[in-house]
Amino acid sequence: MISTEAAGLVLSIAQGVVKLGGKIDRLMAEKDAVTSDYIIPMPQVRRGPGGVEKKNELKALLQNTEDQIPDPLSPNRDEIKDLLLQDPSDPAQVGKWYKQFFPEKDIQPIIEPDTEFVKALQSAFPSMDLEDESTRYAAFCISAGRDEREIGYPFRAAMVVVDVLAEFGAENTTLFVHDDNVRPIVQSVLKRFSNPDLDTFTSWSPLLRSALSATLNGVLDSKESWQGENQWVNAVLNALATAREEAGDDYLLGLFQGKGYRLLISEGLSEAASLLDDEDAGHFEQIAGDILKQAAPLVQANQHNFREFFQEHWGDLFRAGLGSLEKHGPDILKDDSPLLRVTLMAMIKELSNTPNTDLISHETLYNLADSAISAVAVNPDLVTPDVDSPWMKTLIGSVIKTAADQGVRKLFSKKSFESMVNDSLKVFSDHSELLVKKPGLLQELTGNILKQVSAIESFGTEAVATAAVEGALNAVAENPKLLDTNYAELVSGFAGKLARLVADKSLTKIQASDIAAAGAEAVLLNPDIFIKYENKLTEAVVDAVLEAAEDNDANLLYGATLVDLVLQLIDTVSCYGLAMVDGGPVDALMGKLKEVLTAGLTKAEAELGRQLDLPALPAVLSGLVAATARGELSEIDPNDQKFKDLFSDLALRAVA
Amino acid sequence: MNRSKTSSLIFRKKQSLLVIFIISLIFMIMTACATRNDVQDIVAKSNAALITATITGTGSTDSTGMPYAGIGKDPTASESKAWMASSAKIDAFIEAHPDQKVTNNALRMRQAILLLSYKQYNLAKAAFNMVEPQHLATARDKALYNVRDHLVWWFGLNKKADMSLSEFRKADMALNGLQTEIDGLNESPDIRDYLAEMRAWIALNAALNTTSEAKAKTYLEDGINHYARIFTDEDLKELKNNPKPSEWNVSMQIVRRRLRAKAVIKHAGHVIETQGIDSVFESEAFSKLIGPQ
């Protein structure tokens, strides 16, 4: 009797032998089918007269029978003539007529190239027995030619043996390996090694990949057998195993193809591990697993070395890490400051949603700042846990909400935003009662102004916005009654207009800033009139001055003179605006102002250097406007004597 | 006594193992040949049918006195039986072994050539269409697959009729397609030589059929110039100077290339004569061999 164990072994051997036979049979059958010779006949061709010869004979026939009665070519003469005039004529048609008129010449002998070859062979080698089938076979056979696969049949036959032996080894590992710890590893590797039919590999690369993959995956399959006490090693292994579960066995192989992948999972992760304390091993494992899972399809698709892979996909890996951090971050950061947690998580989320190509760009920085500010804006208490003053809390919240609503990008630059907010805060710190009365003021003012101005993309518009905000806040501080009006809206509309003029290069940013500040504060001169006309008086002044300056060929209105004139005219309008409008439409004011300014400038051209200099010009012109508003000038004409006298009088006072 | 009993048991155990092992070996031998035998049978029978199609009885002639060759005639009843049996065997094998892709596709190519040789052009086309080219392994099979449309056209073209203008367009496509393949076959001279010769015949046929002297000259020169490139300097020297091929000490494959050229050269001379063209070829040897007729 043989033991059960021995019987099992024998059956296993028998099974292996039968499997070996089957596989070798298949492989040899493939070899015969692929490499056997063919015999391919060579098709026949015809000899006989050529197309040109046929055409020439038909042409001659046409010519020779031209005058014959009856016409032997009737009724086809014209058709044949037309056919022969073509070049090339259709050979099939030419052949048809040729056959009809020259049947005796239309002999079509056939050439059989194979028969000609046999004749030549017989003639050259008379002793060769071409009746013999094997001789004829040798004469005609066409070999298979180059097999473009890298691995030949001898090696593939050897692989069949290896395959069967591996399978046998996997089933009978106890016979060869006695160490209980090593056995599961060997068994796993052999089992995986025997899984694919190794003989089906026809090139080296996939075969070697398969072998390496079997080894790596086999080792990982049996990780319980060799995991140690180092929890970081265990964490990395578990992360790899998790990634492999989703990505498939090829994943591990991909990671090990090249130095870079080794770096990625060994040095890279080890370094990351050293930066975290032991308690974070669990989180690290989860994050590493997520990164590896994300990397899996990229690694598999990669045909290049690690450098190229990293250049192409670092963003994907980075985002995978961020995505994972987003998921596990709350746990990791649970003991840290809530503010840090909220802002970090917001920024991580933003980054994880950013396409690779945008990761390194100023746009991303804006978006990051926005996301952080937006996160805080949802819960501003996080920023002000130590601020006791309610109004200061409100103010900070207001600033944050403004920034969140507008977006950092629309604040033009971080610096200008800071300066704007700082200036605003300075005003508010001096007049904290404003916020008690209307907590959302800063937000309303800065928000509206920024909205208007930021729609215009031009260098320098931020200066206009800053000046407008500052001027408006000063005005409100001086006259809190403005809080009950639509003042913020008026100022923002004016700031938007000035920003457009800067963008059009009608004003420099310095001029516009001065005008913006003055415009914002002009309300204080006569709040009722400015509120009533919704600041259109100020706009009319600016428009009139700019148009008059543009029409003036001598270019007397520019720089400080222009700004000074606007400021003085705003004063004048605050005094005489109602009289000038005189119940009519406010738009008419601009026309009237321009008329006076144009006449004054014409006169000034003649008087400059005589009784007038440029710094005095704004005072003279605003004096002319005031006189007109008072009705002292009936005729606005630089040649009018009364106009001349008034001009001289004003110039004298201005220069004095 | 005990030792003797133990020895006896061990002996019997070894005997039993040996018996089982021998039985399994017999099984292996039985299983190791089944598929291969089928393929070998298919290859042998299809080659026999192909050689019948190529030339049936050296030197025999048909009723018109022309040399007999299966390709030029409808297959006889017995010939039909041969190709049909071979083709059916290939179909049966493929159906029984659907997972053996490389084997099956090689056999499918063989089937297509067999059908082509027996004038079964539609069936040949269907067989080509069933080939999965990614599983073709050899230069010959890949090249034949790549020029399959030109093969079906050229085998099926009625050579006794004059070519129509549309046939000339197909000829032009075949000349281009074949040359592309030929250029990549220098390491597989058998199939290269076959396709190059076929290309030369197509060009000569077009040169003979055309009614334009200029086109005849173009086809002729293109056909011969490209054909001449497959010949080595040694080939050309022997072809030109040595009238005794029996003195060539070369392989059958080289003998075949040189001897088959004689029919091409002869036909090129006929084309020159009947079409009245004055051609100059790149190969000095071919110019001399074709010569003025």
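This is a predicted model: local features need pLDDT of at least 70, side-chain atom pairs count only at pLDDT 80 or more; totals for chains, interfaces and linings use all residues.
How do the residues of the lining of the largest cavity divide into nonpolar, polar and charged?

Begin by selecting chain A. Its 656 residues include 47% that count as buried, and the secondary structure comprises 31 helices and 4 strands. Among contacts in chain A with a separation of 6 or more, 72% join residues 24 or more positions apart. If a surface is displayed for chain A, its accessible area is about 31,700 Å², with 53% belonging to carbon and sulfur atoms.

The structure holds 5 cavities of 30 Å³ or more, and the largest cavity contains about 160 Å³ of space. To locate the largest cavity, select B:Asp193, B:Tyr194, B:Glu197, B:Arg256 and B:Arg260, which lie nearest its centre among the 15 lining residues. Two elements of chain B, α9 (189-209) and α12 (252-275), each give two or more residues to this lining. The opening question can now be answered: the lining has 7 nonpolar, 1 polar and 7 charged residues.

Then select B:Leu195 and B:Leu220, which touch the most other members of the largest nonpolar core, a set of 91 residues. The element that gives the most to this core is α9(B), with 13 residues. Centre the view on B:Leu195: beyond residues up to four places away in sequence, B:Leu195 touches B:Ala143, B:Leu144, B:Val147, B:Leu178, B:Glu181, B:Ile182 and B:Leu185.

Finally, return to chain A and select A:Val545, A:Ala549, A:Val596 and A:Phe643, which are among the 48 residues of a second, separate core.

Methods: Residues are numbered from 1 along each chain as its sequence is written. Chains are lettered from A and ligands numbered from 1 in the order in which they are written. Side-chain values use heavy atoms; hydrogens and water are left out. Buried means under 20% relative accessible area, exposed over 50%, partly exposed in between (1.4 Å probe, protein chains only). Contact means heavy atoms within 4.5 Å. Accessible areas come from the Shrake-Rupley method with a 1.4 Å probe; for residues, only the protein chains shown count as cover. On a 1 Å grid over the protein atoms alone, a cavity is a set of points where a 1.4 Å probe fits but cannot get out, and a pocket is an open set with protein on both sides within 12 Å along at least five of seven lines; lining residues have an atom within 4 Å of a point. Grid points are joined across faces, edges and corners, and a volume is the space filled by probe spheres set on the points. Ala, Val, Leu, Ile, Met, Phe, Trp, Tyr, Cys and Pro count as nonpolar, Asp, Glu, Lys and Arg as charged, and the others, Gly among them, as polar. A nonpolar core is a set of buried Ala, Val, Leu, Ile, Met, Phe, Trp, Tyr and Cys residues joined through side-chain atoms within 4.5 Å.
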